[in-house]
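Here is a short briefing on a single protein chain. Look over the sequence and the model, then read the points below.

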Amino acid sequence: MDAHHLQPTDTALRLLGGRPNTRLVAATDANPQGEAFVSRLRELAGELACDFERLKPLAEGWNAMLQDAASA
């Protein structure tokens with residue numbers, strides 16, 4: 001996704017993250033793309049001085065984890 005498509009998301013996160021006592025929670029896949037995205041979100045949380053938490057699936061991706069849970 002290019003920067004033009006991410007602008008509304010960035011703007012929304014900055015609006016929400018600028019509120020007092022805010023925590024940005026990122027649930028990204030456990031792959032290189034997820035790592036890149038969580039890195040950007042962690043950086044943004046630092047800029048906004050809000051708490052940050054990352055949720056990471058036990059499998060490579062959230063879809064795989066949900067499929068495994070459904071078949072168990």
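What follows covers the strands, the core, the salt bridges and the loops.

This is a predicted model: local features need pLDDT of at least 70, side-chain atom pairs count only at pLDDT 80 or more, and totals for chains, interfaces and linings use all residues. Residues are numbered from 1 along each chain as its sequence is written, and side-chain values use heavy atoms, with hydrogens and water left out. Helices (H or I, at least four residues) and strands (E, at least two) are DSSP runs, numbered from the N terminus.

- Strands β1 and β2 (residues 51-55) pair in the parallel sense over 5 bridges. Two strands count as paired if DSSP finds at least two bridges between them.
- The chain goes from β1 through helix α2 (residues 32-48) to β2, and this β-α-β crossover is right-handed. Right-handed means that, with the strands pointing away from the viewer, the path from the first strand over the helix to the second runs clockwise.
- Ala26 has Arg54 of β2 as its bridge partner.
- Val25 stands opposite Glu53 in β2.
- The covered face of β1 carries Leu24 and Ala26. Its uncovered face carries Arg23, Val25 and Ala27.

**Nonpolar core**

- In soluble globular proteins, nonpolar side chains tend to be buried together.
- The largest nonpolar core here has 6 residues: Leu24, Ala26, Val38, Leu41, Ala45 and Cys50. Such a core is a set of buried Ala, Val, Leu, Ile, Met, Phe, Trp, Tyr and Cys residues joined through side-chain atoms within 4.5 Å.
- Buried means under 20% relative accessible area, exposed over 50%, and partly exposed in between (1.4 Å probe, protein chains only).
- β1 and α2 are the elements that give two or more residues to this core. The largest share, 3 residues, comes from α2.
- Leu41 is in contact (heavy atoms within 4.5 Å) with Leu13, Leu24, Ala26 and Phe52, leaving aside neighbours within four places in sequence.

**Salt bridges**

- Side chains of opposite charge can pair when their charged atoms come close.
- The structure holds 8 salt bridges. Each is a side-chain nitrogen of Lys or Arg within 4 Å of a carboxyl oxygen of Asp or Glu.
- Arg14 and Glu47 form one, with their closest N and O atoms 2.8 Å apart. This pair links distant parts of the chain: Arg14 is in helix α1 and Glu47 in helix α2, 33 residues apart.
- Arg14 is partly exposed at 32% relative accessible area. Glu47 is also partly exposed, at 44%.
- A network of salt bridges links Asp10, Arg14, Arg40, Glu43 and Glu47.
- Glu35 forms a salt bridge with Arg54, the closest N and O atoms being 3.2 Å apart. Glu35 lies in helix α2 and Arg54 in strand β2, so the pair ties together parts 19 residues apart in sequence.
- Lys56 and Glu35 also meet in a salt bridge, at 3.6 Å from N to O. Lys56 sits in the loop between β2 and α3 (62-71) and Glu35 in helix α2, so this pair ties together parts 21 residues apart in sequence.
- Glu35 counts as partly exposed, with 33% relative accessibility. Lys56 is partly exposed, with 46% relative accessible area.

**Loop residues**

- Thr22 lies in the loop between α1 (3-17) and β1 (23-27). Thr22 counts as buried, because its relative accessibility is 19%.
- A polar atom of the Thr22 side chain lies 3.3 Å from the backbone oxygen of Leu16. A polar contact is a pair of N or O atoms within 3.5 Å; within protein, one must be able to donate a hydrogen and the other to accept it, and residues adjacent in sequence count only if both atoms are side-chain atoms.
- Thr22 touches Leu16, Gly17, Cys50 and Asp51, not counting residues up to four places away in sequence.
- Asn21 is found in the loop between α1 and β1. Asn21 is not a glycine, yet has a positive phi of about 55 degrees. Asn21 is exposed, at 84% relative accessible area.
- Ala49 is found in the loop between α2 and β2. Ala49 has a positive phi of about 55 degrees, although not a glycine. Ala49 is exposed, at 72% relative accessible area.
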